[in-house]
Amino acid sequence: MSTTEICSYPTVQELSKALADYVANLSRETVSARNRFTVGLSGGSLPRILAAELKHRTDIDWDKWIVFFCDERLTPLDSEDSNYKLAKEELFDHVSIPESNIYTIDESLIADAEEAANDYQDKLISVFAAMNTAKFPVFDLLLLGMGPDGHTCSLFPGDAYAEVLNESLAWVTFVENSPKPPPRRITFPPTVLNHAHNVAFVVTGEGKKVVLNKVIDLHDTTYPAAMVKPINGKLVWFLDDAASANLVALKK
Ligand SMILES: O=C(O)[C@H](O)[C@@H](O)[C@H](O)[C@H](O)COP(=O)(O)O
């Protein structure tokens with residue numbers, strides 16, 4: 001059964017501390033149960049907020065982490081736009097996750113979005129097919145952000161993105177007309193997000209408060225973030241008070 005928890009903190013720094021505790025606990029529990037911790041990361045502000053406290057933790061079995069990107073921009077890995085580059089600078093450079101456990105896009109395929117998505121899917125299959133019997137990868141933890149238009153990963157609202165939003169077979173799909181630059185990206189579809197054991201959204205700032213009300217209070221699935229409802233997993237929202245100011249769900 002799916003459960004949802006909403007946590008709000010006065011400052012982003014306090015949020016980072018709580019997030020580090022949450023990730024460290026989950027990592028410890030999962031490693032002792034399954035001897036590995038599969039994580040999906042997003043871009044935007046998430047890597048910085050996540051790493052701020054987490055990179056100082058000494059109680060994490062980093063060599064058991066297996067990391068994928070929930071979405072990635074089709075750029076070289078050393079581009080300022082690359083989610084990998086951001087995560088590397090904020091987190092990977094400071095902790096000891098084995099390089100071979102960090103799965104990046106194949107840079108030689110960035111000119112062909114479909115091929116890049118298929119290749120990334122093959123990487124997912126190589127890791128997950130042996131681990132679980134589900135038709136989709138079951139991540140231990142997916143860490144997501146949300147844009148002011150309600151997008152998450154590279155899942156954008158609107159009819160132009162219906163095919164990606166409704167993808168029901170592929171483990172990785174792609175967009176070539178993202179309204180948030182850069183335009184060409186690969187992304188997990190909602191079905192993959194909803195098979196995870198744990199999904200955590202990290203959303204901060206006043207600019208998100210209107211859309212958070214639509215997503216959390218009104219469950220308005222025209223906003224892709226509202227499509228995230230893990231079938232058998234746990235969803236946690238890590239918010240700051242500026243972002244959560246309008247939330248009816250928190251005032252109950
Ligand atoms: O690659 C990307 O662009 C991200 O994965 C994207 O989905 C991001 O998480 C949101 O846009 C929120 O970004 P902010 O936290 O910076 O607002």
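## Confidence

The mean pLDDT of the protein, the predictor's confidence in each residue from 0 to 100, is 96, and 98% of the residues reach 70 or more. For the complex, the predictor gives an ipTM of 0.98 and a pTM of 0.97. This is a predicted model, in which local features need pLDDT of at least 70 and side-chain atom pairs count only at pLDDT 80 or more, while totals for chains, interfaces and linings use all residues. Residues are numbered from 1 along each chain as its sequence is written.

## The nonpolar core

The largest nonpolar core has 69 residues, and L50, L142, L143, L144, F201 and V202 touch the most other members. Such a core is a set of buried Ala, Val, Leu, Ile, Met, Phe, Trp, Tyr and Cys residues joined through C-beta atoms within 7 Å; buried means that 20 or more other C-beta atoms lie within 10 Å of a residue's own.

## Helix α7

Helix α7 (residues 209–217) has V211, L212, V215 and I216 as its buried residues. They lie on the same side of α7, because they cover an arc of only 115° around the axis, taken from the directions from the helix axis to the C-beta atoms. Just after α7, H219 takes a positive phi of about 50°. Helices here are DSSP runs of H or I with at least four residues.

Conventions
A residue is buried if 20 or more other C-beta atoms lie within 10 Å of its own, exposed if 12 or fewer, and partly exposed in between; C-beta atoms are placed from the backbone. Helices (H or I, at least four residues) and strands (E, at least two) are DSSP runs, numbered from the N terminus.
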